[in-house]
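Open the model in your viewer and keep the selection panel at hand. The stops below say what to select next and what is there.

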Amino acid sequence: MSKSWKGMKEFVGLEEVTKLDFLVMLFAEILGTFLLVLLGCASCISWISTSPPTVLHIAFTFGLAVTSLVQVLGPISGCHINPAVSVGLLVSGNCSFLKTICYTVCQCCGAIAGSVVLKLLLPKTQVAHGLGATALHREVTEAQGVGVEIIITFLLVLVVHAVTDPKRTDVKGWAPLAIGLAIAVAHMAAVPITGSSMNPARSLGPAVVDDKYKDLWIYWVGPLIGAAVAGGVYRMGLKANKEDEEGSYDF
């Protein structure tokens, strides 16, 4: 088998997605995104009109939620729970095309389910104020929103690559905390600007349940661009060792 054919086969990933174990991985992605959106968006709900949730409160809720989920689901599915992370890993050669598509569908389904359950658990008076949907600050333009989402998602996906790089021996055991802290710091910087999504599924869930799609495209375009750039940058110049990895494909 030629190297180019083997690389193409690994890129598509048909053999991987037809294994029975892959169903468990898909369930892990649904469950992880479900819990992330349910818990994270719950922290965005304002119970006292004069005292809305602080940026620090929201940032640490999302950051610690992801830290916990990565610790539990990381060994099962990699705990992407974010289409942008899956796309970034696809670009860097660490996730096959079909796996990325399947993961993205499951992540979106999990996010919508999380928002549905959150709506059912909240009093109607609170539901009327929204379900934690991401939104631009009224003075922020669409282009600025896309730019912010590109930058914070670039940071997240770069950290994901660094802490999961098998050639890195200095970060073993620290991956969940490092990823959670990256999300927390991005939220502290960007919540007032864009709501700090960096996760298309996280924005999709509340938008679908609330039936409000204004600016939703920003939370797909920005994170996916940032993730793709991060995946490319890490693969081309920041890998701990340039030697081919088992999970990478080359044509």
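**Stop 1: the salt bridge**

Select lysine 214, which is exposed, with a relative accessible area of 70%. Here exposed means over 50% relative accessible area, buried under 20%, and partly exposed in between (1.4 Å probe, protein chains only). Lysine 214 and aspartate 215 form a salt bridge, and their closest N and O atoms are 3.2 Å apart. The term requires a side-chain nitrogen of Lys or Arg within 4 Å of a carboxyl oxygen of Asp or Glu. A search of the whole structure finds one salt bridge.

Before moving on, note that this is a predicted model, in which local features need pLDDT of at least 70 and side-chain atom pairs count only at pLDDT 80 or more, while totals for chains, interfaces and linings use all residues. Residues are numbered from 1 along each chain as its sequence is written, and side-chain values use heavy atoms, with hydrogens and water left out.

**Stop 2: helix α6**

Select residues 97–121, which make up helix α6. Helices are DSSP runs (H or I, at least four residues), numbered from the N terminus. Helix α6 has 25 residues and spans 36 Å from its first C-alpha to its last, close to the 36 Å expected at 1.5 Å a residue. That expected span is 1.5 Å times one less than the number of residues.

At the start of α6, look for a side-chain oxygen of serine 96, which comes within 3.3 Å of the backbone nitrogen of lysine 99. Then colour the buried residues of α6, among them Lys99, Tyr103, Gln107, Gly110 and Leu118. The elements they pack against are α2 (14–17), α3 (21–42), α4 (55–77), α5 (83–92), α10 (200–210) and α11 (218–238).

**Stop 3**

**Stop 3: the cores**

Next, show the largest nonpolar core, which has 35 residues. A nonpolar core is a set of buried Ala, Val, Leu, Ile, Met, Phe, Trp, Tyr and Cys residues joined through side-chain atoms within 4.5 Å. The members touching the most others are Leu36, Val66, Leu156, Ile179 and Ile183. Two or more residues come from each of α3, α4, α5, α8 (142–164), α9 (175–194) and α11. The largest share, nine residues, belongs to α8. A second, separate core has 16 residues, including Val37, Cys108, Ala201 and Ala207.

**Stop 4: two loop residues**

Go to serine 43 in the loop between α3 and α4. Serine 43 counts as buried, at 5% relative accessibility. Not counting residues up to four places away in sequence, serine 43 touches Pro53, His57, Ile58, Thr61 and Phe62. Contact means heavy atoms within 4.5 Å.

Finish at alanine 135, in the loop between α7 (124–127) and α8. Alanine 135 is partly exposed, with a relative accessible area of 48%. Leaving aside neighbours within four places in sequence, alanine 135 is in contact with Ile193, Thr194, Gly195 and Tyr219.

Methods. Polar contact = N/O pair within 3.5 Å; in protein donor to acceptor, adjacent residues only side chain to side chain.
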